[in-house]
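Dear colleague,

Please find below the structure that I am passing on to you, followed by an account of what was found in it.

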Amino acid sequence: MTLELTLALLKHVAFAARKLHEERKTLFFSQFVCATTPLFFAAGKAMVTAAEYGHNSWDLLVQVDQREGDETMKFKIRVKGDLHIGGLMLKLVEKIKAPQDWSDHALWWEQKNSWLLKTHWTLDKYGVQADAALRFTPQHKALCLVLPNMKTIRLTVTFSAVVFKAVVEICRALNIRRSEELSLLKPMDDSKKKKKKDKGKEEAEDDIIDMDNISGPAGTGLYSKTMTATYDPESGTPASATSLWFGENPLTASQPNVPPDELAKMFQPLSMEDKAAINAGWLDSSSSLMEQGIQENDRLLLRFKYHCFFDLNPKYDAVRITQLYEQARWSILLEEIECTEEEMLMFASLQYHICKLTMSAKPVDHSDEPEIDEVEAALAHLETTLEGRSTDRILINIGFISMPKRLLRTFKDYWFVFRDTSISYYKNKESANGEPIEQLHLRGCEVVPDVNVTEKKFGIKLLLPVADGMNEVYIRCENETQYAKWKAACILASKGKTMAYSSYRTEVKNIQSFLQMKSLAPPPGQASPDVDSMEMNAECFVSPRYTKKYKAKQVKMALLTTRILEAHQNISQLSLMDAKMRFIQAWQSLPEFGITYYIVRFRGCKKDEILGVSNNRLIRIDMSTRLPLTTWRFANMKQWNVNWEIRQVAIEFDQNVWVAFTCQSCDCRVVHEYIGGYIFLSTRAKDQNETLDEELFRKLTGGQE
């Protein structure tokens, strides 16, 4: 082989080897790239790497609840973090491809237990990532509500709005004014009652009233135009009764009393612990229903939560008064509030009268309520003022208790002078021109009746505010007339008004009328009722505890019936609406009215105690003796706050008085909302538009964690 041929062959081999090496290098690099960085293609889109793909987009699982049918669908949607909620819902609807109105649907985040209602927020801003499980569900769902009259209704309610707004919608649909006084309560979980309910579940379903078929969805209501009353443009007085411009409402009719055996089976909160357990179930007004675990068709109680009823007017509050009467009636029958035997018989006579009128065929006229002439009222006030401030000087008996837990001492006679808003008492009439033994300032005090008409006992308990709570003073009057005058004067003085105020005489007449209603004896000149001719089951109108007082059934029936019918003769002329109003007023006059109980532990104490929350005060109660220890008024409150880490409520009162406690029977948020709610209701004033400052309510009741 020649040298030239050898060189040419070597060059060719070197060239081939170099080429093979480059091809192998390229092939190895391509295999490495394919193994570590796969490429993804989408129609009409640019190619992205795996890193870019994982960082910018992911598969989001969304469950879709359809309003019609039980079928549930699940979809995977490719999303990016900068996608806003509105765009996500649009993508979802496009992917569902179902001919349905999806405008009421919104996204619910299961893990976070919250709604994604801000459609302009992005997924990144909400913190939604690939592990999130979202649910596309209707905001309006059916809810079963047990009304105060124990009737159950089914109504469509907004599950995405806070409970405060949901209650406004419910009350608008049911034609109940002043929705801020009501709220939703979880029923107690009673296993025995649950078993009984399961047996008659089908029967109970038939008893549910579907309000959507009667009134349409929540927000339209049983009326045509507006919730507020219509006023005459010339006189300024209400133009017509609710029955004329709202139409007939099935919720204005009172329910018949249940048989005694059924009443005995119902839950009766006889202890403070039972009452505290009931009140632990109030929903948070600043959170939505679904955020508090409420699902579609769940059962809740609609109740009057705050016991300060503003502007009760029979013309416009037929439903409100009826439901309020029913709540009061059941609180008496189930002994949620204590009353004497005399008071129980008075309530029984009113119930009997209301049942009798309800079952009669005579239509009820709600428009016969007499209107108050404001001009005449002003003239009467001016006339009383010009006559001068008269001072009643009446010899009455008085007994003092410096602390509530001490026993009542023997009453002693003193000479009393009521002037302006204070009471001064002297040893006798002759010493009234000198210095009094003591002067009691009544502004801001509590006036509690201590009356037994049958035993001729006419007492007044005054709770006087002091720096560290309240002092109790007992006054005993000689007769009904004296009691009515003094109690009316004390009530006005507690509000900073004197006896010269125009409503003093009206207050006296109302108290006298109430005393007459409590009298169990028939009016003078009337014969005793013929019990045999009356068809009445007396056991239906009193609590089971009072029926057990009589051992022999025949004696029990005859005696109870006789006493109820005798008391009934004092109120037999009342109209149906007046009788309900009288029942509500009598309920409000009970010493325990409006007090909500909670089990708490005060700071520095080692045992649990009871905290009573009323519309204007807090009461510290000993759990074993059930006697009040200290009372603090809201009027003396400077500030209150909650330490959400240790769940402690701290309140500061005047004169550097601090109170701090942790809640044992419920979340501290419940008590915090009660205090803020009552303070909010104290700011209400008469307004024809009946507008509510929702922002102020949220500030006072919401709290910040």
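Gln139 is buried: in this predicted model, its relative accessible area is 18%, and the cut-off for a buried residue is under 20%. The residue belongs to the loop that runs between β5 (133-138) and β6. Leaving aside neighbours within four places in sequence, its contacts include Asp104, His105, Ala106, Trp115 and Leu117. Val157, Thr158, Phe159 and Ser160 are also among the residues in contact with Gln139.

Strand β6 (residues 140-146) runs antiparallel to strand β7 (residues 152-158), and 7 bridges join the two. Cys144 has Arg154 of β7 standing opposite. Both strands belong to an open sheet of 5 strands with mixed pairing, in the order β8-β10-β6-β7-β9. At its edges are β8 (182-185) and β9 (209-210), each of which pairs on one side only. In general, the strands of a sheet pair through backbone hydrogen bonds, either parallel or antiparallel.

As to the protein overall, there are 21 helices and 24 strands, and 48% of the 705 residues count as buried. Of the contacts between residues at least 6 apart in sequence, 63% join residues at least 24 apart.

The largest nonpolar core comprises 71 residues, and Leu174, Leu184, Leu289, Ile332 and Trp587 have the most contacts inside it. Helix α13 (residues 341-359) gives the most to this core, namely 9 residues. Another core, of 39 residues, lies apart from it and has Val613, Trp632, Val642 and Tyr678 among its members.

The aromatic residues deserve a separate paragraph. There are 24 aromatic pairs in the count. One of them joins Phe309 and Phe593, which is edge-to-face because the ring centres are 6.2 Å apart and the planes lie at 65°. Phe309 is in the loop between β10 (299-304) and α12 (318-333), and Phe593 is in the loop between α19 (576-588) and β18 (596-602), so this pair ties together parts that are 284 residues apart in sequence. Both Phe309 and Phe593 are buried. The rings of Trp632 and Phe653, with centres 6.2 Å apart and planes at 20°, form a stacked pair. Trp632 lies in strand β21 (residues 628-633) and Phe653 in strand β23 (residues 648-653); both residues are buried.

Tyr414, Phe416, Phe418, Tyr425 and Trp486 form one aromatic cluster. Finally, two charged ends sit over rings: that of Lys305 is 4.9 Å from the centre of the Tyr674 ring, and that of Arg620 is 4.0 Å from the centre of the Phe602 ring.

Yours sincerely

Note on methods
Residues are numbered from 1 along each chain as its sequence is written. This is a predicted model: local features need pLDDT of at least 70, side-chain atom pairs count only at pLDDT 80 or more; totals for chains, interfaces and linings use all residues. Side-chain values use heavy atoms; hydrogens and water are left out. Helices (H or I, at least four residues) and strands (E, at least two) are DSSP runs, numbered from the N terminus. Buried means under 20% relative accessible area, exposed over 50%, partly exposed in between (1.4 Å probe, protein chains only). Contact means heavy atoms within 4.5 Å. Two strands pair if DSSP finds at least two bridges between them. A nonpolar core is a set of buried Ala, Val, Leu, Ile, Met, Phe, Trp, Tyr and Cys residues joined through side-chain atoms within 4.5 Å. Rings of Phe, Tyr and Trp (its six-membered ring) pair if their centres lie within 6.5 Å; planes under 30 degrees apart count as stacked, over 60 as edge-to-face and the rest as tilted. A charge sits over a ring if NZ of Lys or CZ of Arg is within 6 Å of the ring centre and within 35 degrees of the ring normal.
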